[in-house]
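Reader: I have a structure open and want to talk it through. Can you take my questions one at a time?

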Amino acid sequence: MQLMRRGDARAFEVIYDRHAAVAFSLAYRMMSTRNAAEDVTQEAFLSLWRSGARYDPARGSVRTWILGIVHHRAIDALRRNKVHDRRRGGDDSVLERVQAPEDTPAEAARREEASVMREAIDTLPRDQSRVIELAYFGGFTHTQIAEMLNMPIGTVKGRMRLGLDKLRRRLAGEFA
């Protein structure tokens with residue numbers, strides 16, 4: 001990291017080789033499409049190259065830091081897509097003329113459930129939604145989340161429990 005901080009491209013290449021696969025895997029799990037995951041991973045590594053000086057070894061491993069960057073970039077991309085979809089959503093005539101091949105009733109139901117779930121998660125306090133997103137969309141364990149966020153594991157578990165309780169109450173009638 002010290003070499004990369006000084007602009008050493010070879011050091012960056014080593015870091016990329018070690019962590020790109022797991023970074024892409026996280027992005028893919030969150031974004032659900034290969035192209036979007038590639039974009040998020042590329043943005044994350046560009047950000048890492050530009051801000052390598054901000055890495056603090058006292059807060060966790062390089063991998064944890066990189067995965068945190070990927071996670072934030074993916075959430076930003078998902079939010080941008082949501083706003084973009086809302087802006088485009090007003091033209092129903094386009095949707096009527098062009099049917100997507102995957103627009104089956106099952107896929108439509110899955111998308112509706114995902115939309116309802118995303119809206120419910122967005123209503124949670126940020127500290128609760130963040131641990132839930134890391135666990136369920138990022139696939140991280142409580143221990144990994146505690147390391148990433150630099151907080152005690154009990155705090156992570158407490159925020160997770162509170163957030164899931166709120167989601168359960170909010171969604172009780174939605175998926176029954």
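This is a predicted model: local features need pLDDT of at least 70, side-chain atom pairs count only at pLDDT 80 or more; totals for chains, interfaces and linings use all residues.

Reader: Fine. How many helices and strands are in the protein?
Author: Nine helices and zero strands. Along the sequence the pattern reads α-α-α-α-α-α-α-α-α.

Reader: What share of the residues is buried?
Author: Buried residues are 34% of the 176 in the protein.

Reader: And the surface? What do carbon and sulfur atoms supply?
Author: The protein exposes about 11,200 Å². Carbon and sulfur atoms supply 51% of that area.

Reader: What about contacts between residues at least 6 apart in sequence: what part joins residues at least 24 apart?
Author: That part is 65% of those contacts.

Reader: Which residues of helix 9 are buried?
Author: V156, G158, M160, G163 and L167.

Reader: At what angle does helix 7 pack on helix 9?
Author: About 95 degrees, with the axes 8 Å apart. An angle of 65 to 115 degrees counts as roughly perpendicular, so helix 7 and helix 9 are roughly perpendicular to each other.

Reader: Which residues make that contact?
Author: From helix 7, they are D127, Q128, V131, I132, A135 and Y136. From helix 9, they are V156, R159, M160, L162, G163, L164, K166 and L167.

Reader: What classes are those residues, helix 7 with helix 9?
Author: Nine are nonpolar, two are polar and three are charged.

Reader: Pick out Q128. Is Q128 buried or exposed?
Author: Q128 has a relative accessible area of 6%. Buried means under 20%, so Q128 is buried. Its place is in helix 7, residues 126–137.

Reader: What is Q128 in contact with, beyond its neighbours within four places in sequence?
Author: R159, L162, G163 and K166. Of these, G163 is also one of the buried residues of helix 9.

Reader: Now helix 8. At what angle do the axes of helix 8 and helix 9 cross?
Author: Roughly 110 degrees, and the axes come within 8 Å. Helix 8 is residues 142–149. That angle makes helix 8 roughly perpendicular to helix 9.

Reader: Who makes the contact there?
Author: H142, T143, I145 and A146 of helix 8. On the helix 9 side, I153, V156, K157 and M160. By class, that contact has five nonpolar, two polar and one charged residues.

Reader: How far apart are Y16 and I66 in space?
Author: 9.8 Å, C-alpha to C-alpha. In sequence, they are 50 residues apart.

Reader: Last one, D39. Which helix does D39 lie in?
Author: Helix 3, residues 34–50. D39 is partly exposed, at 44% relative accessible area.

Reader: And how far is D39 from A77?
Author: The two are 38 residues apart in sequence. In space, they are 9.2 Å apart, C-alpha to C-alpha.

Technical notes. Residues are numbered from 1 along each chain as its sequence is written. Side-chain values use heavy atoms; hydrogens and water are left out. Helices (H or I, at least four residues) and strands (E, at least two) are DSSP runs, numbered from the N terminus. Buried means under 20% relative accessible area, exposed over 50%, partly exposed in between (1.4 Å probe, protein chains only). Contact means heavy atoms within 4.5 Å. Accessible areas come from the Shrake-Rupley method with a 1.4 Å probe; for residues, only the protein chains shown count as cover. Axes are lines fitted to C-alpha atoms, for helices over the stretch in contact, and angles run from 0 to 180 degrees between N-to-C directions. Angles under 35 degrees count as roughly parallel, over 145 as roughly antiparallel, 65 to 115 as roughly perpendicular and the rest as oblique. Ala, Val, Leu, Ile, Met, Phe, Trp, Tyr, Cys and Pro count as nonpolar, Asp, Glu, Lys and Arg as charged, and the others, Gly among them, as polar.
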